[in-house]
Amino acid sequence: MEVRRIRDGISFSTEKMQKVALFESPRLFYDLYCLLPGQEQRAHAHEGSDKVYYVVEGVGRFTVGEEERDLSPGEAVIARAGMPHGVRNASGENLVLLVTMAPPPRH
């Protein structure tokens, strides 16, 4: 059984948002995103892949399409395939997200 302790993966860098891979397969990825205040993942889109962001800690300002909204712990948002999306930590606290994408984008 593959098990990950989420708290052990939390890692921040002053240089940029940190992505920590928790699980990965040809059908999905499940990552931890860690953003310090002011850090962001700029709006972008994935053709053929849906992405879900789940807020673990902090408050994130999410953009999906033309909409922007602050989400708090326990809230999640989906960006469906082809929809521009991004997240910014506009708060003064650290932001920790669980992020799932299926299928994973091809590199």
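Reply: A salt bridge is counted here when a side-chain nitrogen of Lys or Arg lies within 4 Å of a carboxyl oxygen of Asp or Glu. The model is predicted, so local features need a pLDDT of at least 70 and side-chain atom pairs a pLDDT of 80 or more, while totals for chains, interfaces and linings use all residues. Residues are numbered from 1 along each chain as its sequence is written, and side-chain values rest on heavy atoms, without hydrogens or water.

The structure holds 7 salt bridges, and three of them are followed here, among them the one in which the side chains of Glu 57 and Arg 7 meet with 2.3 Å from N to O. Because Glu 57 belongs to strand S4 (residues 50-57) and Arg 7 to helix H1 (residues 6-9), this pair ties together parts that are 50 residues apart in sequence; helices (H or I, at least four residues) and strands (E, at least two) are DSSP runs numbered from the N terminus. Glu 57 is partly exposed, with a relative accessible area of 26%, and Arg 7 is also partly exposed at 47% (buried is under 20%, exposed over 50%, partly exposed in between, with a 1.4 Å probe and protein chains only).

Strand S4 has a place in an open sheet of 5 strands, where the order is S1-S2-S9-S4-S7 and the pairing is antiparallel; two strands pair if DSSP finds at least two bridges between them. At the edges of this sheet are strand S1 (18-24) and strand S7 (76-79), each of which pairs on one side only, and from one strand to the next the twist averages 20° (axes are lines fitted to C-alpha atoms, and angles run from 0 to 180 degrees between N-to-C directions). Strand S1 runs antiparallel to strand S2 (residues 29-35) and is joined to it by 6 bridges, with Glu 24 standing opposite Phe 29.

A further salt bridge, at 3.4 Å from N to O, brings together the side chains of Arg 88 and Glu 68. Arg 88 lies in strand S8 (residues 85-88) and Glu 68 in strand S6 (residues 67-71), so parts that are 20 residues apart in sequence are tied together. Arg 88 is partly exposed, at 30% relative accessibility. In another salt bridge the side chains of Arg 69 and Glu 75 meet at 4.0 Å, N to O; Arg 69 counts as exposed at 55%, whereas Glu 75 is partly exposed at 29%.

Strands S8 and S6 both occur in an open sheet of 4 strands, ordered S3-S8-S5-S6 with antiparallel pairing. The edges are strand S3 (40-44) and S6, which have a single partner strand each, so one side of each is left without a neighbour in the sheet. Neighbouring strands here are turned by 20° against each other on average, direction ignored. Between strand S5 (residues 60-64) and S8, which run antiparallel, there are 4 bridges, and Val 64 stands opposite His 85.

His 85, which lies in strand S8, is buried at 2% relative accessibility. A polar atom of the His 85 side chain lies 2.9 Å from the backbone oxygen of Met 83. Leaving aside neighbours within four places in sequence, the residues in contact with His 85 (heavy atoms within 4.5 Å) include Arg 42, His 44, Tyr 53, Val 64 and Ala 79.

Methods
A polar contact is a pair of N or O atoms within 3.5 Å; within protein, one must be able to donate a hydrogen and the other to accept it, and residues adjacent in sequence count only if both atoms are side-chain atoms.
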